[in-house]
Amino acid sequence: MKKELLKRILSSIILVPIVLFTIFKGSIIFNLFLILCLSVILYEWHCMRIKNKYYYSGIVFCFISFYTIYSLYHLDNNYNNFLFVLIICVSTDIGGYVFGKILKGPKLTSISPNKTFSGSIGSLVFSIVSSIIFIQSSFFSPNKPENLYIFYLIVILISLVSQTGDLIISYFKRASRINDTGKIIPGHGGLLDRTDGIIFAYPFYYLILLAGLKVF
């Protein structure tokens with residue numbers, strides 16, 4: 001367990017600066033990074049050997065998901081909406097892992113035996129705290145939410161969608177009888193393992209904006 005945790009930490013130390021660099025360096029670098037990530041995820045999805053109707057549906061969904069990621073990145077000059085979703089997804093993942101490992105408790109579902117109710121609650125707590133830090137941060141300098149009640153409701157919904165995405169990919173991994181979608185990230189598994197919540201959260205938030213519900 002400690003060895004795996006160390007791998008996770010070291011991988012994160014390497015990956016975080018790379019991701020931040022692609023985000024803030026400029027659109028060309030970021031677009032190339034998106035294409036690379038999409039290619040890896042499609043390859044991992046193909047290698048899962050899902051020989052049913054979900055195979056092609058999954059490919060189409062990945063393209064749609066990455067289109068929404070691309071669109072939200074280019075939506076505003078300071079990346080408010082893009083970073084908003086990303087921070088919630090990352091904090092959801094961290095909160096679930098930390099609370100789940102420390103508090104343990106009843107299992108959330110048989111689809112993913114490592115998921116617990118305490119982890120799910122931790123995900124929500126971390127996502128709310130991180131969103132507060134985000135809107136108060138002078139570094140990001142986002143526009144303030146027009147309605148705080150709507151803002152926190154959307155934070156909670158995005159976190160829940162991210163958790164659901166995690167469970168959906170876990171279901172397909174279980175059906176394919178594999179533990180990880182790949183081995184590209186030591187301690188984390190495949191890229192799809194790390195972005196399972198993200199690829200569901202961005203389309204959801206994109207639909208929120210299309211519905212005319214402005215967050216910032």
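A: Let's start with Phe30, which counts as buried because its relative accessibility is 2%; buried means under 20% relative accessible area, exposed over 50% and partly exposed in between, with a 1.4 Å probe and protein chains only. The model is predicted, so local features need pLDDT of at least 70 and side-chain atom pairs count only at pLDDT 80 or more, while totals for chains, interfaces and linings use all residues. Residues are numbered from 1 along each chain as its sequence is written, and side-chain values use heavy atoms, leaving out hydrogens and water.

Now for the rings. Across the whole structure, a search finds 17 aromatic pairs (ring centres of Phe, Tyr or the six-membered ring of Trp within 6.5 Å; planes under 30 degrees apart are stacked, over 60 edge-to-face, the rest tilted). One of them joins Phe30 to Tyr73 in a stacked arrangement, with 3.7 Å from centre to centre and 15 degrees between the planes. This pair bridges distant parts of the chain: Phe30 belongs to helix α2 (residues 27–47) and Tyr73 to helix α3 (residues 53–73), 43 residues apart. Helices here are DSSP runs of H or I with at least four residues, numbered from the N terminus. Tyr73 is buried too, at a relative accessible area of 1%.

Phe30 has another partner, Phe82, and that pair is edge-to-face: 5.3 Å between centres and 85 degrees between planes. Here too distant parts of the chain are linked, since Phe82 sits in helix α4 (residues 80–103), 52 residues from Phe30 in α2. Both Phe30 and Phe82 are buried. Ring pairs also tie Phe24, Phe30, Tyr73, Tyr79, Phe82 and Tyr202 together as a cluster.

The axes of α2 and α3 come within 11 Å and cross at roughly 165 degrees; axes are lines fitted to C-alpha atoms over the stretch in contact, with angles from 0 to 180 degrees between N-to-C directions. That makes α2 roughly antiparallel to α3, a label for angles over 145 degrees. Their contact (heavy atoms within 4.5 Å) includes Phe30, Leu34, Leu38 and Trp45 of α2 and Tyr55, Ile59, Phe66 and Tyr73 of α3, among others.

Stepping back, the protein has 8 helices and 0 strands. Of its 216 residues, 44% are buried. Among contacts between residues at least 6 apart in sequence, 71% join residues at least 24 apart.

Terms used. Helix = DSSP H or I, 4+ residues; strand = E, 2+ residues; numbered from the N terminus. Parallel < 35°, antiparallel > 145°, perpendicular 65-115°, else oblique.
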